[in-house]
Structures are given as structure tokens and as C-alpha cells.
Amino acid sequence: MNRKATGHLRTSRSLPILLVSIIVIFLALLLIPFSSSESHAKTKPQIVTSTSIIADIAKNIAGDRAKVVALVPPGADPHSYEPTLRDIREVAYADAAFTNYMMLEEHALIKAIDTNLPPGAPNIALAEDAAKYSAEIIPLVEDASLDTVWLGLRVRGEGKAFGANRSSEATITATKITGPGELSGYLTGTFGQPQIYFQSADGVDAKDTATLPLDAHTHMSWAFSKPGIYTVDFAAALHVKPGSGNQNPTAGEAPAGTATVTFVVGTDPAKMTQFKGKTVIDGGHVDITADVDKNRLTLFSDPKGGGEYTQKDLDPAQAVIYVPTKALQTIPGDPSFRFLGRPGTEIYLLAQAVLGKHVHGEIDPHLWHDVRNAKAYAKSIRDTLIQVDPAGAATYSANTEKYLQQLDQIDQYVRTQINMIPPGRRTLVTTHDAYGYLAHAYGLKIAGFVTQNPGTEPSVADRVRLARTMRDEGVPAVFLEPYLASRNTELMQVAQDAGAKVCPIYSDTLDEKVPTYLDLMRFNADSLRRCLGS
């Protein structure tokens, strides 16, 4: 399927009918906000939140005095949710906005809020604001134990010299791709759909571009159709757009580095004379990295997963990325992956390791899995609502005190349930790197993630390796988010091979089964106790 193909819309309708249709649609769009959102804004403050979890916390603080609207609906993935026209209208009539931020939400949603929120309305990033209410923030821990290189994209720097803010972004563009076969760089989303960033099969042009927020990182998969030597020329740029309200009004674009990255596929470059003296990258976590402050593009390497203690910049001209024969994978039958070639054909694949679109920084954004951090969120929301609606201060304060008591109770409940699990069995294996706070706060150990290679079925070697890891760790169960269940039939088989159960756990969203944050924490505690207990 040609990603760059375009279509033409033809119609036989007469011009008057078409104009009438356009006018009707336009009037309908105008009337909706004036008949709903604006009328609410006149009677009570309107608060918009990014996720349903934040909305639930805010509703407990606001009570009936303010209207709370969640932009990301229950059951949707905040990592990839794109704002709708209705979302933008809700933001335009809001008196305050609450996001989690720390790269949790899709950047398009953050930009929609920052651009459309009325001037002077508080725009609170709770994961950051909660620090002043004693929230505990921990680094994001990622599993770098793949058999091959874990290669992603990263943007470093703040771009303050260019007037950048959190709505600014950087692009990394492939300007030239050479090699004996076809190269594809893509990301497999939460529901299994690939998003193509770079692809040589249909020609290289401006569409071969990845866009990231500042100080962010994303996972990726890299596929090569044949063995041999590939090179990719990359160019990065910082983009600063004018905002609204209290956002930086400046705009512009600045270069952020160029480099050529070399891949050797199917042959060990250490044995090739042309690469003598160069660093061979054959494992760990590496990012093609644009530094917007220093105008340079590097390979930011973390060979052992040690974070700041082992990370270092490598010059792409003095390094080569090794894609070994053990990276061979079979193209899945799902039509979404036809861009890789014919189903059943073998390709060389550097897998993205974790299923889903997870653009993030160095800090774990999932603070609410520690109830003490949710208390900090509640206090931040309380003080913001009092700022917006001073006459409701007594109501907001009383609601907060009542809710904090409920949070204390659920915190103790989670501790009690997990303390009932034998210490040697408190090991968590999941499909999502979202439970660091849960493990840190309640005494669990993160053993890793199951779906290391999204979009392809686990090989026999994958199953044997997972079974060995789970056996060595004494892991009786793996945990899967309910909205991913339909995409993980392979996980069911892998768990069965390992003699383990597959149990539910919630992370970023609510649904009918867990309609509130308190329900989410109670459900997870019960599931952990039931599946890991003796």
C-alpha cells in the first residue's frame, strides 16, 4: 500500500445544494457550543481534564459546584488520543485545565489545550504541580534486556533561546536512505496499528518525518528486507509556534543537527574491515537524538539500562548499529503490516519492545498508582478551583477533606492486600511500563514486559525465554490491561506455556467496570492479591 497515494473526490451534486449543505453544517457547529458549553459556563465554572482518572479526582473536589469534562473518554488510550472538534470547543469555554503531562498525553492534545484555553485560565500540569504538595516522583525504568538493539528517537534540550514552551516540538526527518533492500521505521500503537515514520519503498520525501515534544523519547521498530549495509541521513529542526493566553507568543524554526546513521544487517560489522575502529552498537537502549540547544544529532546510548549512570553520546560517524541474524522475524498476516512485504516473508527487525505509543521523558508520568500522589493531585485541583471560584472555597475545601479520607482508606486497603501476598511472589510482569509507582509504593518487583515484539507472534525462543524468566522469578501470573486483551492472543499462549495465569490490571483509563479512581486502585489490589497470592 502506497502511504503517499492521494485520492480525488468527485460529485455530481449541483452547486446550490452543496452550498446549502455547507451552510447547514457550519451553523450546526456554531450552535452546539452556544447551546451547551456556553450556557454551562454562565451558571458554573467549567473544568477540562485530559484523562478520565483526573476528571474523577476533580469531580470529587468540585462536587456540583463546577462542571468537569474529560477530553480523553473512558477506555481510550491517553498516549495516542487525538482531540476532536468538540474537545477544542470544551477547552475554549473552560475556566481551568488539568493535564497530567510529563509526556503522558498525546502531544496533539496538549497543543490543543495550550492553544485554545482562554487567556488567564489556569493550565495545570498535575504531575509537575503535585511536587509542591509532597508527591514523590521517580525516574522511568525501562527494560533494556532485548536480544538486539532497542532503537528509538529522542529530543533533548528546552529551546528557551528560541522561545520554546511545552507546545513546541522538534522533527527528525530522513532525507536519504540507501541499502540493498527496503527500510521501514514505524511504531505499533496500543491497538496494534502501525504508524509509519520512515519508509524507503515509496521514496524519501518530507513525509518521512517523526515529530516529538521537547525532552521526549519514543519507542520504534526498524525493519530491513535484505541483509547488507544501510545508511540513513537525518536532519532535525525545532519548531516554535505562537500560543494563546499565557503561552509564549513567539514563533520560528531552528536547525537541530544532521547526521548519517549506518546499519549493518546480517553480518557482524566487527569482522568487516571498513568498520575497523568504530563503535559497534549491538545491544541496550539507543536513541537517534536531536539536541535542540546544541544543534547536533547524536546516538544517545544506554547499553546496560542504567539511566544517567551509563548513558553517553556517540558520534554517528564513528558508530555502526548491528542488526544480527537473530533479529529475523516473519511478517505477520495482519493487512496493516503489508507495507513490510508479503505475509510470511522473513525480515530483519529491531523491535520497539513495548506495545503502544509511549512518548515520554526521563520521569515516570503514572504518579496516580501511588495513592499518596493522588492526594497531591487532589490538593492541587482544590487550590486551583478556589483560585477560579473564590466564592466556592468552603465547598471545595470540605469536599477535598472528605476525599482525602477516602484516599487514605484505599491506600491502606492496597497495602493490606499486597501484604497478604508472600514476599517471594510479589513480582509483576505486564505489557505496559506504567506500574513503577505501584511497585515503589507497595513493595512489588517489576520483572519486565511480556510483549517485547508488538505486531508479530512470539517465536519458540521468545516463549522459552519468558518461561525461563518466570520460572526463575517464581512468577505465577502476568497482568494485561483489559482494553488490550483482544490484541494479545499470543500472550495468552505464552502465559500458558509458562504455566502462568493472565490477570487483569488497569493503568491509564477508567471504564464501566472501574468507573472511579478508587475503584481502579481497589480492583488492581484485588487482582494482584488473587493472582499472586499463595
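## Close-up views of a predicted chain

Contacts (heavy atoms within 4.5 Å) tell us a lot here: of those in the chain with a separation of 6 or more, 75% are between residues 24 or more positions apart. This is a predicted model, in which local features need pLDDT of at least 70 and side-chain atom pairs count only at pLDDT 80 or more, while totals for chains, interfaces and linings use all residues. Residues are numbered from 1 along each chain as its sequence is written, and side-chain values use heavy atoms, leaving out hydrogens and water.

**Figure 1. The whole chain has twelve helices and 24 strands.** Helices (H or I, at least four residues) and strands (E, at least two) are DSSP runs, numbered from the N terminus. Of the 534 residues, 53% count as buried; buried means under 20% relative accessible area, exposed means over 50%, and partly exposed lies in between (1.4 Å probe, protein chains only). The chain exposes about 22,800 Å², and carbon and sulfur atoms supply 54% of that area. Accessible areas come from the Shrake-Rupley method with a 1.4 Å probe, and for residues only the protein chains shown count as cover.

**Figure 2. C503 and C531 form a disulfide.** A disulfide is a covalent bond between the sulfur atoms of two cysteines; here the rule is a pair of cysteine sulfur atoms within 2.5 Å. The count comes to one disulfide, and the sulfur atoms of C503 and C531 are 2.0 Å apart. The link of C503 and C531 is left-handed, with -105° about the S-S bond. Because C503 lies in strand β24 (residues 501-504) and C531 in helix α12 (residues 517-532), the pair ties together parts that are 28 residues apart in sequence. Are these two cysteines, C503 and C531, buried or exposed? Both C503 and C531 are buried.

Figure 3. A nonpolar core is a set of buried Ala, Val, Leu, Ile, Met, Phe, Trp, Tyr and Cys residues joined through side-chain atoms within 4.5 Å. The largest one has 63 residues, and those with the most contacts inside it are I57, L438, F479, Y517, M521 and L528. Elements that give two or more residues to this core include α3 (52-62), α8 (393-419) and β23 (477-480). A second, separate core of 44 residues includes I172, Y197, F234 and V292.

**Figure 4. Y186 and F339 form an edge-to-face aromatic pair.** Rings of Phe, Tyr and Trp (its six-membered ring) pair if their centres lie within 6.5 Å; planes under 30 degrees apart count as stacked, over 60 as edge-to-face and the rest as tilted. The count comes to ten aromatic pairs. For Y186 and F339, the values are 5.2 Å centre to centre and 80° between the planes. Y186 is in strand β7 (residues 183-188) and F339 in the loop between β19 (328-330) and β20 (346-350), 153 residues apart. Both Y186 and F339 are buried.

**Figure 5. Ring pairs link Y197, F198, W222, F224, Y230, F234 and F263 into a cluster.** F224 and Y230 pair edge-to-face, at 5.0 Å centre to centre and 65° between the planes. F224 counts as buried because its relative accessibility is 0%.

**Figure 6. R156 lies over the face of F300.** A charge sits over a ring if NZ of Lys or CZ of Arg is within 6 Å of the ring centre and within 35 degrees of the ring normal. R156 is 4.3 Å from the ring centre of F300, and the charged end of R166 sits over the ring of Y101, 4.8 Å from its centre.
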